Amino acid sequence: MKKLILAFLFLIGLSASAQTSKELIGKWQLVKWTKNGKEKSIEKRFKTDQVFQVFKENGDFESVIGEESHKAKWKLSKDNSQLTIISVILPVVFTINSFDSQKRVISNSEVGTFEYKKVGE
């Protein structure tokens with residue numbers, strides 16, 4: 001009986017992980033950036049308000065800033081608490097503060113907190 005319950009809990013954990021990865025797939029627009037408790041200007045920093053992250057099913061990632069595009073890889077931690085973006089230079093790890101199918105908030109102690117909304121392709 002214990003084995004059956006453990007197997008059931010394991011399967012629930014796997015399905016929750018898959019659901020989170022599935023919800024992450026798509027195009028997300030940066031709508032708010034906060035650093036050290038102060039809201040920063042997206043347009044001043046990036047010279048545009050068209051700042052996107054695009055997640056693909058195969059682990060491919062694309063950062064789009066205006067007309068500029070940078071490719072990388074992405075992965076979620078097993079417990080879905082961290083998102084790692086792996087670029088050519090180095091991996092950047094973000095803590096997932098909140099995340100659902102339409103809104104995502106991630107943070108990194110060095111760059112701040114970023115709020116994204118899901119947008120159509």
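Residues 24 or more positions apart supply 38% of the chain's contacts with a separation of 6 or more; a contact means heavy atoms within 4.5 Å. This is a predicted model, where local features need pLDDT of at least 70, side-chain atom pairs count only at pLDDT 80 or more, and totals for chains, interfaces and linings use all residues. Residues are numbered from 1 along each chain as its sequence is written, and side-chain values use heavy atoms, leaving out hydrogens and water.

**Overall make-up**
- The chain holds two helices and nine strands, taken as DSSP runs numbered from the N terminus (helices: H or I, at least four residues; strands: E, at least two).
- Read from the N terminus, the order is α-β-β-α-β-β-β-β-β-β-β.

**Burial and surface**
- Of the 121 residues, 32% are buried, that is, under 20% relative accessible area with a 1.4 Å probe, counting protein chains only.
- The accessible surface is about 8300 Å², computed by the Shrake-Rupley method with a 1.4 Å probe.
- Carbon and sulfur atoms own 56% of that surface.

- Strands β3 (residues 51-55) and β4 (residues 60-65) run antiparallel, joined by five bridges; pairing requires at least two bridges found by DSSP.
- F55 lies opposite F61 in β4.
- Four residues sit between the strands, and G59 adopts a positive phi near 90 degrees.

**Hairpin β4-β5**
- β4 also pairs with β5 (residues 68-76), antiparallel, over six bridges.
- V64 has S69 in β5 as its bridge partner.
- Two residues separate these strands in the hairpin, where G66 has a positive phi near 65 degrees.

How values were computed
Buried means under 20% relative accessible area, exposed over 50%, partly exposed in between (1.4 Å probe, protein chains only).
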